[in-house]
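This report describes one protein chain for a reader who is new to structural description. Please keep the sequence and the structure in view while reading.

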Amino acid sequence: MNDRLGGVALLIALFLLWRRNPWPRSGRVVASFVAMALFGAVLPEQPADSPAQAANAGAAKPPARPSRFPTASQTTAEATMPAVPDFTGDSLDVAFPKSRRKGFTVIYHDASDQRREVRARSLWKVCFQVTGGSPGEPIVDFGVVRREEPCPEAEGKTVPWRKMPDVMGLTWRAAVPKVTAAGVPESDVHAEAAYLNDTLPREGEYDHWRVCRQDPASGVPLTDEVYLVRLALSSSDHGCPDPDRGGDAYLPDRDDDGDPDYLDPHPHDRNRTRLYPNGIPGGTGSTGSSGGSGDGWHICRHTRWC
């Protein structure tokens with residue numbers, strides 16, 4: 001991932017190997033040579049004053065890839081150039097060693113307009129590749145993006161993320177396929193009630209509830225930073241809340257016990273709810289049409305906690 005960091009780690013490892021190590025001296029010598037050989041094997045070879053350095057020097061500008069290498073008129077042995085496989089779509093971590101084994105000097109750069117530094121080759125994939133150089137020193141240049149990103153249309157262009165579709169007013173059953181078609185896994189599409197005091201039925205029983213709010217909004221790019229899509233639903237019996245209320249809307253609740261009237265088995269009795277149809281334990285009686293003394297204070301009578 002980083003040449004200097006790898007060198008420091010190697011020096012520390014060699015120090016620990018030779019300091020109070022019970023291994024015999026010959027074993028430590030062999031282990032030291034093996035460690036240094038492995039370290040040298042994974043370092044990218046970019047010799048001084050080579051065409052590879054000249055190619056890297058121009059990576060800061062939108063490249064016209066073929067112009068970075070000698071053209072057909074500049075080389076007389078183009079037919080003898082080694083061939084490199086097409087690695088488009090493959091991990092850079094796969095393309096790099098295979099190209100090296102073919103004899104190529106490998107360079108790479110961010111193919112998008114963000115011009116990011118490419119580190120940790122396993123996290124990037126190949127979108128474009130161009131070969132050049134000479135038969136004695138062939139070069140392959142990979143244009144790459146992060147593995148979760150779609151490839152740009154061309155070098156230096158914006159990453160073409162898909163956008164959140166407009167699913168407002170659609171049923172849950174119709175909305176989910178549109179969202180997943182935009183690249184969102186179905187497990188990342190979350191349903192919730194559009195009203196604060198409403199409750200979704202069991203899964204499968206709200207398929208015909210309609211979308212009142214969506215997050216992200218329609219047209220927002222679905223980048224790798226979008227981890228969850230939330231769709232707020234309401235049944236056709238109640239419709240959607242006023243858009244000005246946002247997510248702070250409540251369904252009618254005459255006895256103010258936290259249960260909307262259409263779900264409350266006792267809509268006029270504050271002390272009897274869906275959870276406590278026979279009365280809240282420790283409650284002070286009922287109110288409204290059910291009668292009751294209503295004496296004293298109880299948390300369920302003065303808040304929405306119950």
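## Surface and burial

The protein chain has an accessible surface of about 18100 Å², and carbon and sulfur atoms account for 54% of it. Accessible areas come from the Shrake-Rupley method with a 1.4 Å probe; for residues, only the protein chains shown count as cover. Of the 306 residues in the protein chain, 35% are buried (under 20% relative accessible area, 1.4 Å probe, protein chains only).

## Basis of the model

The model is predicted: local features need pLDDT of at least 70, side-chain atom pairs count only at pLDDT 80 or more, and totals for chains, interfaces and linings use all residues. Residues are numbered from 1 along each chain as its sequence is written, and side-chain values use heavy atoms, with hydrogens and water left out.

## Order of the elements

Six helices and six strands occur in the protein chain. Helices (H or I, at least four residues) and strands (E, at least two) are DSSP runs, numbered from the N terminus. Read from the N terminus, the order is α-α-α-α-β-β-β-α-β-β-β-α.

Contacts (heavy atoms within 4.5 Å) were also counted between residues at least 6 apart in sequence, and 56% of these join residues at least 24 apart.

## A sheet of three strands

Three strands form an open sheet in the order β1-β3-β2, with mixed pairing. Its edge strands, β1 (105–110) and β2 (124–134), each pair on one side only; two strands pair if DSSP finds at least two bridges between them. Neighbouring strands of this sheet are turned by 25° against each other on average, direction ignored; the axes are lines fitted to C-alpha atoms, and angles run from 0 to 180 degrees between N-to-C directions.

Strands β2 and β3 (residues 137–146) run antiparallel and are joined by ten bridges. Gln-129 has Phe-142 as its bridge partner in β3.

How values were computed
Buried < 20%, exposed > 50% of the residue type's maximum accessible area, 1.4 Å probe, protein only.
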